[in-house]
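Please read it alongside the sequence and the structure.

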Amino acid sequence: MSKNPIHIIGGGLAGSEAAWQAAEAGVPVILHEMRPVRGTDAHKTDGLAELVCSNSFRSDDAENNAVGLLHAEMRLAGSLIMSAGDANQVPAGGALAVDRDGFSDAVTKKLEGHPLITIQREEVPGLPPAEWDQAIIATGPLTAPSLAQSIAEATGADALAFFDAIAPIIHFDTIDMDICWFQSRYDKVGPGGTGKDYINCPMDKEQYLAFVQALVDGQKTEFKQWEGTPYFDGCLPIEIMAERGVETLRYGPMKPMGLTNAHNPTVKAYAVVQLRQDNALGTLYNMVGFQTKLKHAEQVRVFRIIPGLENADFARLGGLHRNTYINSPTLLDASLQLKSRPGLRFAGQITGCEGYVESAAIGLLAGRFAAAERLGQAPSLPPLTTAFGALLNHITGGHIVSDDEPGKRSFQPMNVNFGLFPPMEAPKSEGKRLRGKDKTVAKRQGITARARADCRQWLGLAAQAEAAE
């Protein structure tokens, strides 16, 4: 059996986790990290898995929170990132926050001490050479320009994005459909459509003017110095459009033409916010044309002014920032492998996930998939009902292609959230149907219980437990 090494490019969270998983499976690994030979605009040290922004891994609640569930699944899978995080935890309420230096040191020491891992401090300027028959690119949002250029050349000019322009995404079941209605503009039936492909949120003139003022007054985030200001046509933040004139939005993304309020057909809306289905499951809808630099708390406050969204639960909030990532659903197969080059995988933020934990989780999967192939086995894909599977499915094909906007990239990075999971009905309580928040809580706890059980089964832990008994 061949035991040639797996080459991993990038020693961030995803690359470090991928290296650990492959080595723990008995496969030699060469981990290539360019720091300190070449630095980045954000990193300060040469430590592996350096946290460049927050020190929080977010909620650790595995019963009620999707990222907490991902924590739990990663612990079941023997995650290096989670074990180092747990060992270097600092007080943060219900969240898992870490001492960033202690965390990075712990990861670095574990990888340096593993007998099957070799760390090479060097820049890999282009795609891995052909003799690296099993390789993983895990270079993150700050991929070196030369490697980014090589990826773009190999995958196509429109396959690599250097900036996110993301509109908020909302859980469908928190939209008030007594106010909103389904309809495409002029009832147009596009490819695969029905003429009712958008959710429409109506505003009268007073509501519209108040909303525009709230956008103008809202607190905005600033670009980092090294990001530049990447505004371009078709990607202007909603608040920048509002600043250009009070009527600008009514002639842009909020134009009311071609729409009739199903709840009040005789009254013409002064402006309309449209939401478009964002995933194949139909559980998530994005706000069309609402990319924004508003601070996150301001987005929640301002966007809940919109009729029908007063109780909206956001799966992710909008943004516009530097983030190198590939068009994964087009380029990668279900095991994160580049379709045009078997044996070359991508992992971490460059695949189109967001967040420390999500990046590490995709690294974990890529490391396991590559190790399985090196050992002559077929990669075992996690069930869609698990956090692993839900996140992987989003990256490799769970999104909706935008047919009405030719050439527009419809795939956008996302954190793990309950909208990515196959839905399930809320259990009844003593024969009664649950409602409101009680129903939401019960559904989410049902999803997390199912996920943990299915993850144990996938990892073979359920069989081990039965054998032990």
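What share of the chain's contacts with a separation of 6 or more comes from residues 24 or more positions apart?

1. Overall make-up. This is a predicted model. Residues 24 or more positions apart account for 70% of the contacts with a separation of 6 or more. The chain has 469 residues, and 53% of them are buried. Its secondary structure consists of 13 helices and 16 strands.

2. The five-stranded sheet. Five strands make up an open sheet with parallel pairing, in the order β6-β2-β1-β7-β16. Its edge strands are β6 (117–121) and β16 (344–346), each of which pairs on one side only. On average, and with direction ignored, neighbouring strands of this sheet are turned by 20 degrees against each other.

3. The β16 end of that sheet. Strand β7 (residues 135–137) pairs with β16 in the parallel sense, over three bridges. Within this pairing, Ile137 stands opposite Phe346 in β16.

4. The three-stranded sheet. A further open sheet has the order β3-β5-β4, with antiparallel pairing. Strands β3 (56–59) and β4 (89–90) stand at its edges with a single partner strand each, so one side of each has no neighbour in the sheet. Strand β4 is joined to β5 (residues 95–98) by two bridges, and the two strands run antiparallel. The bridge partner of Gln89 in β5 is Val98.

5. Packing of α3 on α4. How are α3 and α4 oriented to each other? In general, two packed helices are described by the angle between their axes and the distance between the axes. Helix α3 (residues 80–87) packs on helix α4 (residues 100–113) at an angle of about 135 degrees, and their axes are 9 Å apart. The two helices are therefore oblique to each other. Their crossing is right-handed.

6. Residues in that helix contact. From α3, the residues Leu80, Ile81, Ala84 and Gly85 meet Phe103, Ala106, Val107, Lys110 and Leu111 of α4. By class, the residues of this contact comprise seven nonpolar, one polar and one charged.

7. Strand β13 and its partners. Strand β13 (residues 284–287) is joined to β9 (residues 169–171) by three bridges, and the two run antiparallel. In this pairing His171 stands opposite Leu284 of β13. Strand β12 (residues 271–277) is also antiparallel to β13 and is joined to β13 by three bridges. Here Leu275 has Met287 of β13 as its bridge partner.

8. The β12–β13 hairpin. Six residues lie between the strands of this hairpin. Among the residues of the hairpin, Gly282 takes a positive phi near 75 degrees.

9. Burial of β13. Are the faces of β13 covered or uncovered? In a regular strand the side chains alternate between the two faces of the sheet. Both faces of β13 are covered: Leu284 and Asn286 are buried on one side, and Tyr285 and Met287 are buried on the other.

How values were computed:
Residues are numbered from 1 along each chain as its sequence is written. This is a predicted model: local features need pLDDT of at least 70, side-chain atom pairs count only at pLDDT 80 or more; totals for chains, interfaces and linings use all residues. Side-chain values use heavy atoms; hydrogens and water are left out. Axes are lines fitted to C-alpha atoms, for helices over the stretch in contact, and angles run from 0 to 180 degrees between N-to-C directions. Helices (H or I, at least four residues) and strands (E, at least two) are DSSP runs, numbered from the N terminus. Angles under 35 degrees count as roughly parallel, over 145 as roughly antiparallel, 65 to 115 as roughly perpendicular and the rest as oblique. A crossing is left-handed if the near helix is turned anticlockwise from the far one by less than a right angle, and right-handed if clockwise. Contact means heavy atoms within 4.5 Å. Ala, Val, Leu, Ile, Met, Phe, Trp, Tyr, Cys and Pro count as nonpolar, Asp, Glu, Lys and Arg as charged, and the others, Gly among them, as polar. Buried means under 20% relative accessible area, exposed over 50%, partly exposed in between (1.4 Å probe, protein chains only). Two strands pair if DSSP finds at least two bridges between them.
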